[in-house]
Structure formats: structure tokens, C-alpha cells
Amino acid sequence: MGSNFSEGAIIYKKNSDFEFLFFISEKGELDIFRWDIEKEGKGHKAAEQAIGKEIGLKVEALPYFSYEKPGNNKSIPNLKVFILRAGNYEKIRIPKRYSSCEWLPYKEAIKKADQHMKALLSYAYEYIRRYEEIQKVNKEYMRLSNSKGWKLSRRFVKGEGPVNAKVMVIGQAPGENEDKMLRPFVGRSGKLLDQMLREAGLKRGKMYITSAVQFFPPKNRLPTREEIEMCKPFLTKQVSIIKPKYIITLGNVAAKTIAGVENVDRNHGIVIKKDGITYLITYHPAAALRFKRIKELMQKDLLKFSNIINSKKE
Ligand code: URA
């Protein structure tokens, strides 16, 4: 009896455009690499290992990508697809269930694919394109820290989350813990933010989280106007790549930098539509950690935002 769950991988490499690795079935059909699993969800790390072991290709998964297609409880299993970026390999081993494999540029693959594969491929392609663009921006952004007179930490804290997120969350600047772990919002403010998002019915893993300044200001000082301005073009680029429908700004720095809103104390909870993006203004969780009143206000704001975000159709 076949398994009720199967996983698959869109495997790509970057040349002048992207090329995709397809496996050809015994019947001669173009397919992505698939495997059956006993039960749902071992995650992308297991997929990386499976590919390495089975076909001899070193791959790296794009961590927040998600594509799931329900089966019919009988002959068609539930399918979960990962995107994997190909690294080094010597020779690709072809598992017995396939007759051969080939690398195809996107345009060619789209021509050869059936309807389902086309839909999956174009969805994945758009994700990959954004992912690679974000990597490029990150690399350029990191180089800022070589600037003369640089006073922020030199450790760059990347944004985190799906690059096609509907919601982006923008904070102020990393704290000491973020600087150590190189991840946004993982310290005390981050823990509180996670809890408040959860309580409001919002999922952190579905949002792209970053900050107006992505380097730690030593001693946790406020970033200067000049530092914020230096980082702003990179923030704007991230927004234009991710194209979120909603941006939640946390605290004064983010509200002013990205939405042009001053004084969060007076303006928290407001909703501004500008150039196709809805900006949702609230406090920074560091303020909520300090003052119970602010925590309650922020929680109310997030609940209001959650209702707005979740009431609209995708
Ligand atoms: N506070 C922020 O504004 N950003 C982070 O990444 C962490 C804490």
C-alpha cells in the first residue's frame, strides 16, 4: 500500500537564469523529484539529507517556502514541496523509479510541463526570484559596515521569513541577543512579540520580519538619523522585492522611516494606505515589556490588525 503523504523537491541552480532539475518517469513524463514518507512533516532538513543520500547532490533548502497540495485519501497522496538550491555534485544518481533526469531552463520547463506542474513551477520560480534578490540586497547591505566612521555593530542581522509574505513586520534595530544569534527578534522583546502575535491570531512564521536598521547599535542606543538614512534604501528595496500587502511597524523609528508617521504614542492603532501597501502602526515590544499600559494598547492594536489582515481574501 502506498503512503498517504509524499514530499517533493523543486531543485534549481543559478546560471544566467534559473535551471531546474527534472526527473523523467518510466512513462516519459516530466516530474520533480518525489518520495513517499510514513507520516507528515519531517521538514526541509530531512529533505536536504534525503536528496544528498539518494541522488548525490548537495542542496540547501529555502527555509520558509511552503506549498502543500491535498490528496484524495486514495490514490493521490498529500504532497508537500520544498525548494532546494543545488550546490556541488559529481554525478547525479538516478533512483530506479525514474528513467533519466535533465536540467531545464525555466522557460523550456514551462513549455514542457503539464498544467499542475506549470502552476507549481511558476509559483516556485517567483519565490526563487525574490529569494535570490533578497540575498543580493543582504550582501550589498552587509558591505555598509565597511563605511568610514561606522559605529554600529559590523554583524548583519538578516530579515527572516517567507519572501512572498503578505505581511512584513518592521522593528527598530537588533538588540544584543539578535547581534549574538544573527536573527531578528529573538531576545526578550522578540519573545514578547511572538506571544502577542500568537494571542492576536497572527503567525510569525508566515511574516517577513526585519528592522529599519539591521546592525546592533552598541549599548542598545537609538540608531542616529544618519544611520537610519544610510540603511533606508536597503529597507525600501526589501519591501519592493517582498511586495507585502501589509506592513506592521513597531515603534517610532519604523513608523517614521517607512510610513512617515511620527509619535506612535499618539498614532498607534492607525491604518494608512499608501502606494498599494497598508501600514499598521503600533508600539515596539520593548516598550510593552516596560509598561503594562503599553502592552495592553499594543495587544489591542495587534488584534485590530489581525482582523484586518485575516478578513481580506488572499
Ligand atoms: N528589536 C528590533 O527592533 N529589532 C530586532 O531585530 C530585535 C529587537
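Predicted model: local features only at pLDDT ≥ 70, side-chain atom pairs only at ≥ 80, totals over all residues.
## Residues around the ligand

One stretch supplies G171, Q172, A173 and P174. E178, P184 and F185 also belong to the shell. S211 and H284 complete the list.

## Polar contacts and cover

A polar backbone atom of Q172 sits 2.6 Å from a ligand oxygen. For F185, a backbone N or O atom is 3.3 Å from an oxygen atom of the ligand. S211 uses its side chain: a polar atom there lies 2.7 Å from a ligand nitrogen.

On its own, the ligand has 230 Å² of accessible area. The protein covers 96% of that area.

## Helices α5 and α10

Two packed helices are described by the angle between their axes and the distance between the axes. Helix α5 spans residues 188-199, and helix α10 spans residues 292-311. They pack at about 45 degrees, and their axes are 9 Å apart. An angle of about 45 degrees therefore makes α5 oblique to α10. The crossing of α5 past α10 is right-handed.

## Helices α6 and α7

Helix α6 covers residues 225-242, and helix α7 covers residues 251-259. Their packing angle is about 60 degrees, with 10 Å between the axes. Roughly perpendicular begins at 65 degrees, so at about 60 degrees α6 counts as oblique to α7. α6 passes α7 in a right-handed crossing.

Conventions: Residues numbered from 1 in each chain as written. Heavy atoms only, no water. Near = heavy atom within 4 Å. Polar contact = N/O pair within 3.5 Å; in protein donor to acceptor, adjacent residues only side chain to side chain. Areas by Shrake-Rupley, 256 points an atom, 1.4 Å probe, with all protein chains shown as cover. Axes fitted to C-alpha atoms, helices over the stretch in contact; angles between N-to-C directions. Helix = DSSP H or I, 4+ residues; strand = E, 2+ residues; numbered from the N terminus. Parallel < 35°, antiparallel > 145°, perpendicular 65-115°, else oblique. Left-handed = near helix turned anticlockwise from the far one by under 90°.
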